[in-house]
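Let's walk through this one together, starting with the strands and ending with the charged pairs. Keep the viewer open as you read.

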Protein chains: 2
Amino acid sequence: MLFSVQVEVSLREGVADPQGATIERSLPHLGFDGVKGVRVGKAIRFAIEAADEGAARAEVEDLCQRFLTNPVIEDSTVTITAADAAQGS
Amino acid sequence: MLFSVQVEVSLREGVADPQGATIERSLPHLGFDGVKGVRVGKAIRFAIEAADEGAARAEVEDLCQRFLTNPVIEDSTVTITAADAAQGS
């Protein structure tokens with residue numbers, strides 16, 4: 001079965017996020033008030049072929065640990081949905 | 001009211017994604033087969049103060065158009081949830 005996967009890689013709490021801080025500092029100059037706590041992470045999407053959702057999740061978690069994230073400073077959130085219906089395969 | 005916002009900024013279909021292509025090419029060497037269509041975008045999270053969810057969404061959409069995305073090559077997906085309960089404010 002084919003699964004659609006979204007992995008959100010975010011910096012752990014307490015880790016400095018200069019990109020987010022820069023966005024937050026710029027917003028009042030553009031007329032956007034009331035925005036705070038800006039954090040910028042990565043959104044990685046892909047399709048994975050696996051026997052079932054459990055197998056897909058296990059492989060994606062392993063992939064996150066070994067390759068997609070730096071576990072010292074980053075967390076990952078995995079969302080998996082069956083893609084067969086959408087793709088018709 | 002305070003709202004938690006997640007903005008996913010992704011490259012439009014057809015726009016080259018060298019970062020995603022590099023990840024995809026590397027995976028078989030690490031023992032991950034069956035992964036395809038890797039696309040890398042940005043996941044931006046922040047909190048916004050607004051009168052209601054409609055007002056929050058309008059401001060965030062405007063923010064995406066003017067600042068967070070390059071509309072020529074990028075799409076944005078906005079998810080808004082009420083944050084008051086979680087933050088107790």
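Two strands are said to pair here if DSSP finds at least two bridges between them. The strands themselves, like the helices, are DSSP runs numbered from the N terminus, with at least two residues (E) for a strand and at least four (H or I) for a helix. Before we use those terms, some bookkeeping: this is a predicted model, in which local features need pLDDT of at least 70 and side-chain atom pairs count only at pLDDT 80 or more, while totals for chains, interfaces and linings use all residues. Residues are numbered from 1 along each chain as its sequence is written, chains are lettered from A and ligands numbered from 1 in the order in which they are written, and side-chain values use heavy atoms, with hydrogens and water left out.

Start in chain B with strand β1 (residues 2-11). On one hand, β1(B) pairs with β3(B) (residues 74-82), antiparallel, over nine bridges; look for Q6(B), whose bridge partner in β3(B) is T79(B). β1(B) also pairs with β2(B), again in the antiparallel sense, this time over eight bridges. There, E8(B) has A43(B) as its bridge partner. How enclosed is β1(B) by the rest of the structure? Largely, because seven of its 10 residues are buried, where buried means under 20% relative accessible area, exposed over 50%, and partly exposed in between (1.4 Å probe, protein chains only).

Now follow β2 across to the other chain. β2(A) and β2(B) (residues 35-49) run antiparallel and are joined by 11 bridges. One spot to check is V40(A), which has I44(B) as its bridge partner.

That brings us to the interface as a whole. Counting contact as heavy atoms within 4.5 Å, 32 residues of chain A touch 32 residues of chain B. The two chains bury about 2700 Å² between them, 61% of it on carbon and sulfur atoms; this is the accessible area (1.4 Å probe) that the two parts lose on being put together, summed over both. There are two salt bridges between chain A and chain B, a salt bridge being a side-chain nitrogen of Lys or Arg within 4 Å of a carboxyl oxygen of Asp or Glu. In one of the salt bridges, E8(A) meets R45(B) at 2.7 Å, N to O. Which elements give two or more residues to chain A's side? They are β1 (2-11), α1 (18-26), β2 (35-49) and α2 (53-68) of chain A. The largest share, 15 residues, comes from β2(A).

What about charged pairs within the chains? The whole structure has six salt bridges over all chains. In chain A, D75(A) and R12(A) meet at 3.4 Å, N to O. D75(A) sits in β3(A) and R12(A) in the loop between β1 and α1, so the pair ties together parts 63 residues apart in sequence. Both ends are partly exposed, D75(A) at 33% relative accessibility and R12(A) at 32%. Chain B has a salt bridge between D75(B) and R12(B), with the closest N and O atoms 3.5 Å apart. This one also links distant parts of its chain, 63 residues apart.

Finally, look at helix α2 of chain A, where D62(A) and R66(A) lie four residues apart, about one turn of the helix. Their side chains form a salt bridge at 3.7 Å, N to O. D62(A) is partly exposed at 33%, and R66(A) is partly exposed at 48%.
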